[in-house]
Amino acid sequence: MTIRASGLEDLVFATTRLSDVDGAAGKLSIAGRAVEELAGAYPIEHVAWLLFYGADPTADELARTRRALGQARARAHARTPALGDALDAPDAMDALRAGLAHITLPEVAGHDGLGAAFARCLELAGAIAAFSGAWAGRRARPGLAPIAPDPEAPHAADLARLVSGEPTTDARAPALDAYLVAVVDHGMNASTFAARVVASTASDDGSAVGAALGALKGRLHGGAPGPVLDMLDAVAVDGDAARWVAAALSRGERIMGMGHRVYRVRDPRAEVLERAVRLLERASGGAGVAARLSLARDVEAAAEAALAARHPERPLRANVEFYTAILLEALGVPRELFTATFAAARVFGWCAHVYEQRHAGKLIRPQSRFVAHAPLGAA
Ligand code: COA
């Protein structure tokens, strides 16, 4: 029997039409279209449809998707009083898992002429947006009532308002939309794999998304952008990016927002997000955003140089989380909600993978080799 490397990096276990990551060339396509073509050009409702149905939605399909998402946000918000203290978890991701456990999906199967699987996806996506806003209301803005979703608003505009607590401006909604689309799906990443494992057991969509939330929370996956900002704050105090990075590496720490399992060049989504930050900066005339961006570039360059010197065999470049941190901060999202905002985007990809797994996959059940007295984790 072949014993795979413990990170399964060489294992291809499924075929998918949802996304393709070319790590050597630094290219990402979503439903067959380059991420640069989609992000910034289409709202998340459009790309969610594209993922599920493999074709652009008509104006009517787009409107129905938007309406179903808005109603899902409102339905989830209406349930928050019944959730008791479930949304008071110190970590927003735990609150989301607790909240989703109270969503009843069969009620909405096939809602408004949409396919049942897509309708369930929209219900989960709406709930993640509404519960993120409710969590922010309780933890990040204590004493203030949670903001009620606006079921008529486009998803990104409403999500921006729910998580930041600030009115959505003309520049904010497109910037958040660009983010949601850029990170909506990304090959067989850890949270998507977790969702597919659960789906492969014939469990329900909510359970699959719950497992994915748990995987996304980790700082080697979706938990990195908060620590990226902590690092930028620390470098701003130190005043010397190269010195700070060298000291962190000599303490054996990893530089958050750098390196990737698949990319060997700069993550193409970092470029897309940097572009969105620049648009936001121009629209707001914000000197704060410009200063942050310039600090980020300095830290990226210092980290890249230090990591290249340490690992000449393995290029470690900026990943999506690096510029996610700058963009979400510029959008007024509290850093404790960065990973939840990532989940608000990736949920569409998770659901589409759950659908694929259910239709084309089989029970995922690898094997292990028993080795008496092996050190923990050894293959
Ligand atoms: N900072 C410092 N060193 C890093 C590093 C980073 N960000 N990323 C990788 N390395 C080093 C590792 O320490 C390891 O060195 P070693 O062989 O001397 O022990 C080597 O590069 C290979 O790392 P490995 O853990 O095998 O790579 P991976 O493919 O399993 O990890 C990540 C990929 C993303 C988990 C890793 O790059 C990382 O931890 N990045 C920081 C967290 C982050 O930004 N996560 C978001 C990902 S989108």
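**Figure 1. Strands β1 and β2 pair in a predicted model.**
Two strands pair if DSSP finds at least two bridges between them. The model shown here is predicted. Strand β1 covers residues 19-22, and strand β2 covers residues 27-30. The two run antiparallel and share four bridges. Four residues lie between the strands, which form a hairpin. In the turn, G26 has a positive phi of about 70 degrees.

**Figure 2. A salt bridge joins R66 and E45.**
The closest N and O atoms of this pair are 3.1 Å apart. R66 sits in helix α3 (residues 59-79), and E45 sits in helix α2 (residues 44-53). The pair therefore ties together parts that are 21 residues apart in sequence. Are the two partners buried or exposed? R66 has 27% relative accessibility, so this residue counts as partly exposed. E45 has a relative accessible area of 0%, so E45 is buried.

**Figure 3. D238 and R243 form a salt bridge.**
Here the closest N and O atoms are 2.9 Å apart. D238 is partly exposed, at 30% relative accessible area. R243 is partly exposed too, at 48%.

**Figure 4. R269 and D267 form a salt bridge between buried residues.**
The closest N and O atoms are 2.7 Å apart. R269 is buried, and D267 is buried as well.

**Figure 5. Salt bridges link residues into a network.**
Which residues belong to this network? They are R266, E271, E274, R278, R297 and E300. Across the model, the count comes to 27 salt bridges.

**Figure 6. Domain 1 meets domain 2.**
The domain assignment gives domain 1 as 36-170 + 184-221 + 339-360, and domain 2 as 225-330. Their centres, taken over C-alpha atoms, are 27 Å apart. Eight residues of domain 1 are in contact with nine residues of domain 2. About 800 Å² is buried between the domains, and carbon and sulfur atoms give 58% of that area. Three residues stand out on the side of domain 1: E36, H186 and R219. Together they supply 52% of the area that domain 1 buries against domain 2, more than any other three residues. Helix α15 (residues 338-360) gives the most to the side of domain 1 that touches domain 2, with three residues. How many salt bridges cross between the domains? The count is zero. Two residue pairs are in polar contact between domain 1 and domain 2.

Technical notes:
Residues are numbered from 1 along each chain as its sequence is written. This is a predicted model: local features need pLDDT of at least 70, side-chain atom pairs count only at pLDDT 80 or more; totals for chains, interfaces and linings use all residues. Side-chain values use heavy atoms; hydrogens and water are left out. Buried means under 20% relative accessible area, exposed over 50%, partly exposed in between (1.4 Å probe, protein chains only). A salt bridge is a side-chain nitrogen of Lys or Arg within 4 Å of a carboxyl oxygen of Asp or Glu. Domain bounds come from an automatic or database domain assignment. Contact means heavy atoms within 4.5 Å. Buried area is the accessible area (1.4 Å probe) that two parts lose on being put together, summed over both. A polar contact is a pair of N or O atoms within 3.5 Å; within protein, one must be able to donate a hydrogen and the other to accept it, and residues adjacent in sequence count only if both atoms are side-chain atoms.
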